[in-house]
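I opened the notebook to look up strand pairing and nonpolar packing. The entries follow in the order I made them.

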Amino acid sequence: EQTDSDTEEEEEEEEEDEEEEEEDEYDEDEEYFPTEEDLLEAESEDLEWEVHVPDEPPPPQEERKYIVFEAALLQLFALCIMCGCGQVKLNLETAGSFLRVTQFCTMCRHVRTWCSQPYIGNMPAGNLLMSAAILFAGAIPRQALRIFQTLRCQCISIRTFFRHQHNFLQSAIQRVWKMKHQHLLQTAQQPLILGGDGRADSPGHSAKFGSYTMMDLRTSRILSIHLVQSNEVDGGSNNMEKEGLIRAVAYLRTKGLEVATLVTDRHLQVAKWVRENMPATRHLYDIWHIDKGIKKKLLKLAREKECGVISGWIRAISNHLHWSATSTGEGQGELVAAKWSSLERHLHNVHAGHGELFPRCEHGRLARRQWLKPNTKASVKLSAIVSKPSLLRDIKKLSPKFQTSTLEGFHSLINHFAPKWASFSYCGMLTRLYLAVLHHNENCGRPQMVTRDGNKVYKLRCKKFMSTCTVQEVSQDCTFDYVTDLMVETIRRCEGGEEAAVIEIPPTLSSRFQRPNKDDAIAAHLRRFGRNDE
């Protein structure tokens with residue numbers, strides 16, 4: 001027989017078990033949304049209200065935006081705010097991403113108008129900011145707008161984007177670029193040590209645009225970038241890199257800056273022009289470009305019959321080239337060439353008697369390996385490659401310290417803002433180049449990421465053509481402060497009603513051809529192929 005006390009204890013245990021089960025159910029849920037009853041039961045002083053209605057709205061570019069479904073939005077207009085009845089009529093008007101809702105109450109005749117976004121001047125803010133966000137992020141407008149269309153989200157048209165781009169966005173990019181660029185030139189450390197390289201907008205030898213970039217190799221920041229259209233030079237797109245260099249040097253001279261050292265690739269036209277027009281400038285070559293050319297020839301040779309032994313030496317030859325240049329001081333080109341020439345005897349297991357400047361190899365005892373045999377096909381052809389007179393002449397001009405690897409990385413960044421598969425106008429390409437420069441100059445030299453314990457972060461990078469992995473430092477995340485400046489400048493120009501900046505544009509490639517009448521061209525096309533669509 002149970003006593004009353006035992007019964008009370010069992011009831012308390014059952015209540016505790018039920019409370020624990022309810023708590024477990026809440027813990028298992030990833031998100032908990034309180035009901036209206038829960039909110040009414042809670043005391044007002046226990047609630048933490050984080051959002052307050054501001055007296056004045058923040059700037060439109062800083063204000064948060066939300067994606068709201070139409071059914072959820074219309075629930076806010078189901079009742080009249082004056083009489084509270086549900087006998088209302090709604091009218092929805094859209095203009096791009098802008099929505100105006102007009103509510104008419106049939107009972108009290110009250111009319112209420114609500115707009116989804118503020119105006120900048122006489123333009124909906126969301127439409128302009130959408131165009132700005134697409135361009136400043138380096139996106140392709142048709143692809144970006146297709147995302148909204150697939151989502152069935154109200155957005156601007158492609159014609160509206162290009163109108164915004166011409167009237168406001170390109171001018172804002174130019175002004176921000178000029179301000180930041182002017183400060184960069186004023187703080188540049190002299191004498192200048194620059195790296196220069198050109199980039200074509202499409203692969204092959206039929207490029208429409210070519211850009212030439214000058215980078216300060218001390219700070220890795222871009223000092224100048226110039227765009228050349230292929231019909232601005234004689235001889236086609238192959239001569240655009242030289243023209244870009246000429247414009248870059250002339251521009252720096254107008255700013256009172258002289259180039260003391262210039263590091264480039266082995267472009268013959270560039271080398272000749274620098275030799276004739278910049279006698280006081282020391283012209284050096286980037287190691288990677290020469291190494292790439294040598295590797296290409298060695299890989300081709302290794303695929304020939306009786307030359308397979310070459311494949312085992314390609315990486316060692318590449319390392320020897322880098323060591324020859326980086327282990328030698330500046331201005332000792334002859335010693336660099338002597339170190340490189342010792343490679344031919346080293347591959348035949350001869351490590352002394354190389355010459356006066358570099359008499360013997362500096363390595364220690366070597367492990368057993370497959371050496372080349374004299375007078376074999378592999379030996380003769382390899383010697384012809386490494387001892388070619390033009391190669392020895394260029395090796396003397398290798399840069400021992402500063403290289404253009406960061407500049408090559410910048411060219412990869414341009415592919416984000418102006419991919420080679422997409423076509424752009426002259427102004428479109430120029431402004432996207434400026435965007436790439438703004439992003440690069442803000443984020444170059446980022447510190448390495450560290451953990452909470454203060455340990456530096458690294459990652460393994462494995463390449464598909466290498467059997468080993470390399471260790472790479474992980475930098476901190478990119479910042480986009482330049483986008484904030486661009487947004488502010490865009491809104492300023494729109495509010496002030498400023499006209500678009502004038503950009504000197506060269507004639508288009510098709511300007512020298514007479515455009516035929518469209519109807520005549522269609523008729524000729526149908527006659528040629530014997531078609532009759534009528």
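Which residue in β3 does Q103 stand opposite? I looked it up in the model, which is predicted: the residue is R112.

Entry, strands. I then took the strands around this pair. Strand β2 covers residues 98–105 and runs antiparallel to β3, with five bridges joining the two. I traced the sheet next and found an open one of three strands, ordered β1-β2-β3, with antiparallel pairing. At its edges I noted β1 (88–95) and β3 (111–115), each of which pairs on one side only. From one strand to the next, I have the twist down as 15° on average.

I turned to the nonpolar residues. In soluble globular proteins, nonpolar side chains tend to be buried together. Here I found that the largest nonpolar core holds 57 residues, and that F136, F410 and L486 have the most contacts inside it. I listed the elements that supply two or more residues to this core: helices α4 (125–136), α5 (141–150), α6 (158–186), α14 (405–417), α15 (426–443) and α16 (481–496), and strands β7 (209–216) and β8 (221–229). The most comes from α15, which gives 10 residues.

Entry, F136. Which residues is F136 in contact with, leaving aside its neighbours within four places in sequence? I wrote down L169, I173, F417, L435, Y482, V483, L486, M487 and T490.

Technical notes: Residues are numbered from 1 along each chain as its sequence is written. This is a predicted model: local features need pLDDT of at least 70, side-chain atom pairs count only at pLDDT 80 or more; totals for chains, interfaces and linings use all residues. Side-chain values use heavy atoms; hydrogens and water are left out. Two strands pair if DSSP finds at least two bridges between them. Helices (H or I, at least four residues) and strands (E, at least two) are DSSP runs, numbered from the N terminus. Axes are lines fitted to C-alpha atoms, for helices over the stretch in contact, and angles run from 0 to 180 degrees between N-to-C directions. A nonpolar core is a set of buried Ala, Val, Leu, Ile, Met, Phe, Trp, Tyr and Cys residues joined through side-chain atoms within 4.5 Å. Buried means under 20% relative accessible area, exposed over 50%, partly exposed in between (1.4 Å probe, protein chains only). Contact means heavy atoms within 4.5 Å.
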